[in-house]
Amino acid sequence: MAHLDVRTLNPDRHLSSIISLAQEVETVEHHRALADHRWIDLTNHHAESLESLVVVDLDTEVVAGILTRNATNKGIEFELAIRPSYPYALVVQELLDRALSDSTIPTTQRVSLWIPNPNQERDRLYRSLGFHADREVLQMRRTLPFEGRLRSEALKFRTFQPGVDEAAWLSVNNRAFEWHPDQGDWDLATLREREGEPWFDPNGFFVVDDGTRMQGFCWTKIHHDCQPPVGEIYVIAVDPEDAGKGIGKALLFEGMHYLGEVRKLSSIMLYVERSNEGAQALYQSYGFSIDHADRRYVLFPSTNALPDDH
């Protein structure tokens, strides 16, 4: 049995092993190990990532698991990634024991964590540790190419212009996603970080603009780390003032056309809240189906500690 030790993340020492952990997760479990913004923090050595924890195999110095921590206006959010070749429950418990014993986490704050594509065994594990599932995000997929494109004289399409469109984009995004817990409070620094990522491609970032203001956008992304590469409708939104004008549908078609006909990809994905039944139905009408769900588990303030008998 492996001899494990929980340590504070040292990016210079642990990053290469974390990258191999992520590759194993993606190969074995067919999903991303950590969210995009976590990878940005890790690879850029941001202060937030330095608070993360890793479980290290003392015999090999291999990172068996990582827990990242992010303070939000609703509490503390953890994200976990466990190397598939190690016992999942054991590594999770080592990480959560240390993270929840941290005196810098107020007992009055809610603790939440995201688990990608949880199975019954993992669901039982988190429930046994006092967590309760409270939110799900669905990944939906369809094959490409897509036969259809809506371009009319009434809608003026162009591509996003870095250095020019940031303020307008932030205004539309934050208005359209005012209700959304993750997408509705982006700032210029967040957007600039995405623009600096290797996958950022302004040619696949479409805008509808009536000449006076931005009305909506469809931002696509290509996951080159998948084999074959997979396209994504990364963010799509319409200014609330322009709802009901068919802009969203036209933008969705433009994104699918670009990924299928221009970039010659064979599949595409997007994410939608399980609670957003209207959006699910819309995407299903265009050939998307549910691939899997990512689930958020919450540990409420009065129970910010694991059960003694775990």
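Guide: There are 23 salt bridges, a salt bridge being a side-chain nitrogen of Lys or Arg within 4 Å of a carboxyl oxygen of Asp or Glu. The model is predicted, so local features need pLDDT of at least 70 and side-chain atom pairs count only at pLDDT 80 or more, while totals for chains, interfaces and linings use all residues. Residues are numbered from 1 along each chain as its sequence is written, and side-chain values use heavy atoms, with hydrogens and water left out.

One of these pairs joins Glu61 to Arg13, at 3.4 Å from N to O. Glu61 sits in the loop between strand 2 (53-57) and strand 3 (63-72), and Arg13 in helix 1 (residues 11-29), 48 residues apart. Helices (H or I, at least four residues) and strands (E, at least two) are DSSP runs, numbered from the N terminus. Arg13 is exposed, at 54% relative accessibility, whereas Glu61 is partly exposed at 34%. Here buried means under 20% relative accessible area, exposed over 50%, and partly exposed in between (1.4 Å probe, protein chains only).

Asp123 is buried, at 15%, but Arg127 is partly exposed, at 44%.

Glu136 and Arg295 also form a salt bridge, at 2.6 Å from N to O. Glu136 belongs to strand 6 (residues 132-143) and Arg295 to strand 12 (residues 289-299), so the pair ties together parts 159 residues apart in sequence. Glu136 is buried at 17%, and Arg295 is buried at 18%. Elsewhere, shared partners join Arg175, Arg213, Asp239, Glu241, Asp242 and Lys245 into one network of salt bridges.

As for the nonpolar residues, a nonpolar core is a set of buried Ala, Val, Leu, Ile, Met, Phe, Trp, Tyr and Cys residues joined through side-chain atoms within 4.5 Å. The largest core has 29 residues, of which Leu251, Leu252, Met256 and Tyr283 touch the most other members. Helix 8 gives the largest share, eight residues. Beyond its neighbours within four places in sequence, Leu252 is in contact (heavy atoms within 4.5 Å) with Ile233, Ile236, Tyr283 and Tyr286. A separate core has 27 residues, including Ile82, Tyr88, Leu95 and Leu129.
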